[in-house]
Amino acid sequence: MSPASRSYDVIVIGAGCAGLAAASSLAERGARVLVLEARPALGGRATAFTDPATGERVDNGQHVLLGCYRDTFRFLSRIGAADRVQLQDRLTLDIVDRDGHPSRLACPALPPPLNLLAGLMTWDALAWRDRLAAVRVGRTFIALDGETVRDWLIRHHQTSRLIEVLWQPLAVAALNESIDVAAAVPFANVLTEMLGGHASDAAIAVPLRPLDEMYALPARSYIESRGGEVRISAPARVVCGGDGATPRVMVRDEMVSAPTVICAVPWWALAETFVGAPPAFMPTLEAATRTGSSSIVTVNLWFDRVVTDHVLLGLPGRTMHWIFDKRRAFGERASHLSLVSSGADAVVSQTNDQLVQIATREVLEAIPPARNAILQRAVVVRERRATFSVAPGQPPRPSTHTPIRGVLLAGDWIDTGLPATIESAVRSGHMAAAAA
């Protein structure tokens with residue numbers, strides 16, 4: 001049967017985390033799903049590409065998961081990819097501070113937030129003044145509308161040292177914006193999910209495969225094995241009909257339709273995806289257009305030897321915030337370091353050479369064995385619109401429902417209560433699937 005002659009229950013536009021989570025959830029329930037992705041590869045803003053020199057699959061930006069990402073782990077289990085990430089049993093984090101002092105935050109298996117407080121009490125990166133300040137945060141995380149993360153931390157009398165080595169790295173990683181810019185409410189929501197349930201909720205999970213192999217390709221196989229279809233290089237637009245007619249979807253020169261359409265494109269692409277949108281939907285399109293963006297810069301460095309035993313290493317107080325040794329995560333005896341700078345608007349416009357110099361210098365400062373290694377290759381990846389802004393004053397985030405009959409929204413920027421994380425994207429996909 002040709003694609004044009006097939007009938008579908010749901011059309012999903014966008015094959016990132018949100019779209020694939022929605023499509024796979026619907027396929028699990030027996031729906032016939034058509035997924036349309038404009039790019040030539042699946043994964044959206046969480047995907048991978050082939051480095052032409054090494055032949056290695058390289059993520060377009062490093063992502064980690066947390067134990068509290070319940071929707072994400074449910075998604076991975078559904079598509080048979082749960083073994084493609086490695087989850088700690090409790091939070092353990094290695095860092096090297098600006099003075100070159102290495103240390104480890106190791107949280108015991110206590111009910112949260114006692115697990116974090118107990119870990120901080122024995123963390124030698126902190127003085128007793130810093131440890132006692134952590135107790136002031138309390139057991140409930142409540143932020144005020146309009147205050148930034150730094151405002152929130154100051155209101156809770158957090159020390160500059162504790163902010164630098166703990167709260168700022170955590171907030172910037174979760175929110176992808178400076179603590180001087182990002183709103184405190186979504187950060188408080190993240191802390192509630194991390195420290196509101198089980199000790200493992202704050203644990204870190206690292207992908208064991210490139211991102212497309214971690215979830216995008218298994219999701220495609222899952223959807224297609226249940227009678228669905230996934231098309232790449234298939235830019236789609238929603239053509240809204242009059243008098244409440246069910247909208248149709250134009251894919252290049254082909255028109256397809258289904259009772260339900262889930263639009264899972266990024267916020268900045270929403271307006272251009274709809275043709276003839278009714279007036280009631282215009283405020284949502286305008287809000288999406290006005291929503292700000294925040295960037296991520298990733299510098300990939302290949303050395304001629306293994307330089308660290310750590311899969312993940314924090315670099316508080318530096319330009320690059322985290323080091324991931326990709327090949328060690330994949331179980332290989334070689335060294336491909338991926339250095340990430342989140343909320344990178346201040347450096348995203350620097351040249352590749354400048355960014356490589358910064359990253360290399362910070363690796364050599366933090367990892368002494370790297371000083372004897374030879375840098376063989378460097379690749380810089382910029383995602384200028386990696387995430388939506390969570391600064392106070394941003395337009396309101398929409399719900400999954402729209403005033404257009406049969407049209408739903410999904411994406412990390414939908415109002416899930418979380419910032420722009422994989423969990424927010426997957427959760428929004430599940431919300432849309434449930435609404436469908």
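Start by selecting Trp167. Setting aside neighbours within four places in sequence, Trp167 is in contact (heavy atoms within 4.5 Å) with Leu116, Val137, Leu153, Gln158, Leu162, Phe187 and Leu191. You are looking at a predicted model, where local features need pLDDT of at least 70 and side-chain atom pairs count only at pLDDT 80 or more, while totals for chains, interfaces and linings use all residues. Residues are numbered from 1 along each chain as its sequence is written, and side-chain values use heavy atoms, with hydrogens and water left out.

Buried means under 20% relative accessible area, exposed means over 50%, and partly exposed is in between (1.4 Å probe, protein chains only). In soluble globular proteins, nonpolar side chains tend to be buried together.

**The five-stranded sheet**

Now show the strands E10, E2, E1, E14 and E21. In that order they form an open sheet with parallel pairing; two strands pair if DSSP finds at least two bridges between them. At the edges you will find E10 (229–231) and E21 (407–409), each pairing on one side only. From one strand to the next, the twist averages 15°.

Zoom in on Ile262, which is found in strand E14. Its strand, E14 (residues 260–263), pairs with E21 over three bridges in the parallel sense, and Leu408 in E21 is the bridge partner of Ile262. Is Ile262 buried or exposed? Ile262 counts as buried because its relative accessibility is 0%. Leaving out residues up to four places away in sequence, Ile262 touches Val10, Ile11, Val12, Ile13, Ala22, Leu26, Leu408, Ala410, Ala432 and Ala433.

Next, bring in helix H1 (residues 17–28). H1 lies across strand E1 (10–13), strand E2 (33–36) and E14, running at about 170° to E2. Axes here are lines fitted to C-alpha atoms, for helices over the stretch in contact, and angles run from 0 to 180 degrees between N-to-C directions.

**Charged partners**

Side chains of opposite charge can pair when their charged atoms come close. The structure holds 23 salt bridges, each a side-chain nitrogen of Lys or Arg within 4 Å of a carboxyl oxygen of Asp or Glu.

Select Arg74 and Asp71, whose closest N and O atoms are 2.9 Å apart in a salt bridge. Both lie in helix H2 (residues 70–78), three residues apart, about one turn of the helix. Arg74 counts as partly exposed at 45% relative accessibility, whereas Asp71 counts as buried at 12%.

Move on to Arg318 and Glu365, a salt bridge with its closest N and O atoms 3.9 Å apart. This pair links distant parts of the chain, 47 residues apart: Arg318 is in the loop between strand E17 (312–314) and strand E18 (322–325), and Glu365 is in helix H12 (residues 352–366). Arg318 is buried, with a relative accessible area of 10%, while Glu365 is partly exposed, with 40%.

**Backbone stops to finish**

Most residues other than glycine have a negative phi, and most peptide bonds are trans. With that in mind, select Pro112 and Pro113: the peptide bond from Pro112 to Pro113 is cis, with omega near 0°. Pro113 sits in the loop between strand E8 (102–106) and helix H3 (114–121).

Your last stop is Arg252, in the loop between strand E12 (248–251) and strand E13 (254–257). Arg252 is not a glycine, yet its phi is positive, near 55°. At 57% relative accessibility, Arg252 counts as exposed.

Terms used
Helices (H or I, at least four residues) and strands (E, at least two) are DSSP runs, numbered from the N terminus.
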